[in-house]
Amino acid sequence: MSTRPLDPAAIRAEFPALAQSVHGHPLVYLDNAATSQKPRAVLEALEGYYSSDNANVHRGIHELSRRATDAYEAARARVAGWIGAASPNEVVWTRGTTEALNLVAYGWGLDHVGEGDEIVLSVQDHHSNLVPWQLLAQRRGARLRYIEIDDEGRWQLDDLPSLLGERTRIVAVSHVSNALGTVNPIRPLIDEVRRLSPAVVVVDGAQAVPHLRVDMTQIGADFYAFSGHKMCAPTGIGCLWGRAELLDEMSPFQGGGEMISIVDRDMSTWAAVPHKFEAGTPNIAGAVGMGAAIEWLSHFDDGAVLEHEQQLSAYAVERLSAIPGATVFGPSNVAERSGVVPFTLASAHPHDISTILDTQGVAIRAGHHCAQLVMKRYGTPATARASFYLYNTRDDVDRLIEALETVEDIFG
Ligand code: C6P
């Protein structure tokens with residue numbers, strides 16, 4: 001595999017959206033945990049697909065349908081190779097992480113979770129990895145239990161022996177936190193789950209796959225979910241990876257075309273995995289775009305993206321910490337955090353901070369970040385959040401800090 005140096009200046013030039021001005025200032029895009037910008041390679045793949053290959057997949061026996069099907073399945077194979085799946089059949093296309101997690105909750109959970117069973121979650125998690133399990137628990141009479149987090153946003157692993165047991169059916173946690181930036185010790189947690197319970201482990205990898213190289217053979221999970229749009233691919237496409245034997249015995253999540261083998265009046269039989277879980281016309285262009293995004297990302301060394309983001313995080317934390325009244329959330333050890341830097345200022349509400357930053361061309365996110373349990377844990381209704389990707393630079397951090405000085409001038 002050819003490797004390319006992680007040179008943010010050269011990389012930025014490949015992202016047309018980063019070249020614009022916003023409110024009279026060159027754009028500084030620091031909302032990458034919400035969604036990333038897209039490189040020209042992905043935009044061209046989308047245009048190429050729609051300009052010459054556009055057709056429905058797995059149906060027609062004409063040239064365009066064959067090309068569309070080949071491109072759709074080639075993208076699946078690329079994802080499988082990228083994440084170390086044993087086979088492309090272990091990769092199910094979904095609309096994103098949220099749909100992938102719901103697929104497991106309905107497809108596996110409804111059949112395997114019963115009255116009195118337990119589902120273990122973490123208070124660190126995104127609503128997409130909480131609410132599907134709450135809905136499942138309510139329907140099946142199961143009990144939800146939580147891994148707590150310490151003051152720096154790390155799992156309290158010492159509690160695991162009291163949380164896990166014979167009744168634990170599912171453990172669902174995130175690999176990297178979107179609200180705190182914690183890079184979680186996923187493998188040690190899964191080893192403990194295996195030692196202490198028969199649970200299946202579901203990992204929300206939405207904030208991990210775009211930034212660090214994940215390998216399903218190393219992580220040891222049963223299901224792993226992620227979204228394309230946070231890793232240079234289009235919106236509306238994502239993946240569920242699952243162990244082949246679990247996917248094989250799971251019920252379909254949605255019914256419709258593409259996912260059946262034989263349909264009769266009263267019953268039907270299902271297509272083989274992964275098609276059993278892909279009812280209806282899929283997001284073919286999205287899959288093609290995701291394949292192109294992975295091809296583009298695979299030119300960088302494993303670990304280079306996270307390392308770059310950690311350097312920016314360390315610099316941002318240092319500069320933010322020098323602002324009187326600023327609080328930075330997440331691990332103090334930079335090796336334990338990603339490119340997500342959440343903070344508050346004593347002088348201004350996070351929404352006011354982001355509104356004023358926007359007038360300076362600096363895009364960040366403010367709010368509860370779909371992680372209300374995290375906000376409750378730290379007694380704050382919201383945070384402001386800067387989040388980095390491979391095209392961000394130290395200059396971007398300087399622009400963030402300069403813009404925060406404007407906030408201080410107005411509210412301080
Ligand atoms: N977090 C953020 O700004 P979807 O929307 O399905 O692509 O991803 C949902 C999701 C699930 N888990 C984690 C850890 C996430 O960060 C996200 C999306 C965005 O933090 C939008 S709320």
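Please bear in mind that the model is a predicted one.

I begin with helix 4, residues 97-112, and helix 5, residues 131-140. The axes of these two helices come within 9 Å and cross at roughly 20°. Angles under 35 degrees count as roughly parallel, and helix 4 and helix 5 are therefore roughly parallel to each other. Their crossing is right-handed. On the helix 4 side, the residues in contact are Leu101, Asn102, Val104, Ala105, Tyr106, Gly109 and Leu110. They meet Pro132, Trp133, Leu135, Leu136, Arg139 and Arg140 of helix 5. Sorted by class, this contact between helix 4 and helix 5 holds nine nonpolar, two polar and two charged residues.

I turn now to the second pair, helix 3, residues 63-83, and helix 10, residues 284-297. Here the axes lie 8 Å apart, and the packing angle is about 40°. That angle makes helix 3 oblique to helix 10. The crossing of helix 3 and helix 10 is left-handed. Helix 3 contributes Ala68, Ala71, Tyr72, Ala75, Arg78, Val79 and Trp82 to the contact. From helix 10 come Ile284, Ala287, Val288, Met290, Gly291, Ile294, Glu295 and Leu297. Together, the residues of this contact between helix 3 and helix 10 comprise 12 nonpolar, one polar and two charged.

Next, I consider two individual residues. Is Ser227 buried or exposed? Its relative accessibility is 4%, so Ser227 counts as buried. The side chain of Ser227 makes a polar contact of 2.5 Å with the side chain of Thr97. Thr97 lies within the range of helix 4, residues 97-112. Leaving aside residues up to four places away in sequence, Ser227 touches Gly96, Thr97, Ile237, Gly238 and Met290.

To close, I return to the two helix pairs: helix 4 and helix 5 are roughly parallel, whereas helix 3 is oblique to helix 10.

Terms used:
Residues numbered from 1 in each chain as written. Predicted model: local features only at pLDDT ≥ 70, side-chain atom pairs only at ≥ 80, totals over all residues. Heavy atoms only, no water. Axes fitted to C-alpha atoms, helices over the stretch in contact; angles between N-to-C directions. Helix = DSSP H or I, 4+ residues; strand = E, 2+ residues; numbered from the N terminus. Parallel < 35°, antiparallel > 145°, perpendicular 65-115°, else oblique. Left-handed = near helix turned anticlockwise from the far one by under 90°. Contact = heavy atoms within 4.5 Å. Nonpolar A, V, L, I, M, F, W, Y, C, P; charged D, E, K, R; others polar. Buried < 20%, exposed > 50% of the residue type's maximum accessible area, 1.4 Å probe, protein only. Polar contact = N/O pair within 3.5 Å; in protein donor to acceptor, adjacent residues only side chain to side chain.
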